[in-house]
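I opened this model to look up a few local contacts. My notes follow in the order I made them.

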Amino acid sequence: MGSSQKYGVSIQAIETLNNIDQNSHLIVTGQTLKVPAKDAQVAKNNAPAQVTDKKADTANTSEVTVKAGDTLWTLAQQYNTSVEKLRELNGLAADAYLIHPGNVLKVNGTVQATQQPAQTEQPVQQQAQPEQPVVQQEATQEQAQEPQLVVSANHTTHTVQAGESLYSIAQAYGVTVDSLRAANNLGATLLVGQTLTINDPAKDPAQEAAAQQAAAQAQQEAATQQAATQVQQPVQNQAPAQTQAPAQQVQQQAQPAQVQQPQQQVVSTSADGAAIAAYAQSFIGTPYVWGGSTPSGFDCSGLTQYVYAHFGKQIGRNTIAQESAGAHIPVSQAQVGDLLFWGTPGSTYHVAIYLGGNSFVAAPEPGQSVKIGNMAYFMPSFAVHVN
């Protein structure tokens, strides 16, 4: 070592003071060594040289912006200087080793080779690579969290209309709400125009609606014919009176007002079940309105109250009051035109008018309109035959 001769000390003393391997005697270019002073004069003689070196280093100072992957050691190698000099030049602590991309550091020295910067960029690529498995792992987790949709061979599709709900769609196709959820990637709400997959539909809503409309029309025609028959009966009884004496004819000419009386009873006071059912179906399509009791909008008990009032029956405004409008009977004994209730007596929450078979007409829920329902999917608790 030239330093031992320069400072008049032994190689072993320098190696011991700087923890250098005494077998290999290896030191690095630019490494700062501590030299034990031989005496005060030697240290004094060395002082000007150190000052000169420091000035020379400062004069050869430039700035470098830290890139990803750079370390104090790689910069020291690149600019042919030492880590200790970089720390000293930039005011870093003696044990500092962390630097960050974007930091601007002062360096002294010259880049050793033009290819060296390319080598220092290699850690950047190596740092970018670990991010790829992370992204793939996150994508795999997201795929695992997506529900596996179940679509049967026998399925159809349905486009969501305004006012529909999962419950009403399930009823229309004869499936369950859980089946709809299993076959579709559903959000918090249904969107108008959204296409749903219906697995194994038990019903065809289009055919059922046509059949129900035909049945309703037939019932309405039957009720109208029955009313006309009742109105015409007194008129037929007047035919023989035309051959009677003029006084009797005058007396019978006063009877038209009496002829109108049966017609008024049929329209407003007759409680015939078929007529009640037919009249209730005339409001199909009327929108559901909370608290509504007119043809501009009905809730469930508002519809039943309005229909029965048309036939002269005052059954009360809400379901609890309407429970007392007649005798409680099992659903299996209900007749056309009877009231159907859901819930326990005294705390019912829904009411409808029985149409026969498994059908009923009701104002179902907000967002829907008066429609025909099926007891196979929404079974009432009991029925009431209005007195």
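Which side chain does Ser165 join in a polar contact? I remind myself that the model is predicted. I found Gln368: the two side chains are joined by a polar contact of 3.3 Å. I then placed Ser165 in the loop that runs between β3 (155-159) and α8 (166-173). Leaving out residues up to four places away in sequence, I listed what Ser165 touches: Leu190, Glu365 and Gln368.

Next I turned to a helix pair. I looked up α13 (residues 273-281) against α14 (residues 300-310). They pack at about 130 degrees, and their axes are 10 Å apart. The crossing of α13 past α14 is right-handed.

Which residues make the contact? From α13 I noted Ile276, Tyr279 and Ala280. From α14 I noted Tyr306, Val307, Tyr308 and His310. I sorted these contact residues by type: 6 are nonpolar, 1 is polar and none is charged.

Is α13 mostly covered or mostly uncovered? I read it as mostly covered, with 7 of its 9 residues buried. The buried residues are Gly273, Ala275, Ile276, Ala277, Ala278, Ala280 and Gln281. Ile276 and Ala280 are on this buried list, and both also take part in the contact with α14.

Last, I looked at the N-terminal end of α13. Asp272 caps it. I noted a side-chain oxygen of Asp272 at 3.2 Å from the backbone nitrogen of Ala274.

Note on methods:
Residues are numbered from 1 along each chain as its sequence is written. This is a predicted model: local features need pLDDT of at least 70, side-chain atom pairs count only at pLDDT 80 or more; totals for chains, interfaces and linings use all residues. Side-chain values use heavy atoms; hydrogens and water are left out. Axes are lines fitted to C-alpha atoms, for helices over the stretch in contact, and angles run from 0 to 180 degrees between N-to-C directions. Helices (H or I, at least four residues) and strands (E, at least two) are DSSP runs, numbered from the N terminus. A crossing is left-handed if the near helix is turned anticlockwise from the far one by less than a right angle, and right-handed if clockwise. Contact means heavy atoms within 4.5 Å. Ala, Val, Leu, Ile, Met, Phe, Trp, Tyr, Cys and Pro count as nonpolar, Asp, Glu, Lys and Arg as charged, and the others, Gly among them, as polar. Buried means under 20% relative accessible area, exposed over 50%, partly exposed in between (1.4 Å probe, protein chains only). A polar contact is a pair of N or O atoms within 3.5 Å; within protein, one must be able to donate a hydrogen and the other to accept it, and residues adjacent in sequence count only if both atoms are side-chain atoms.
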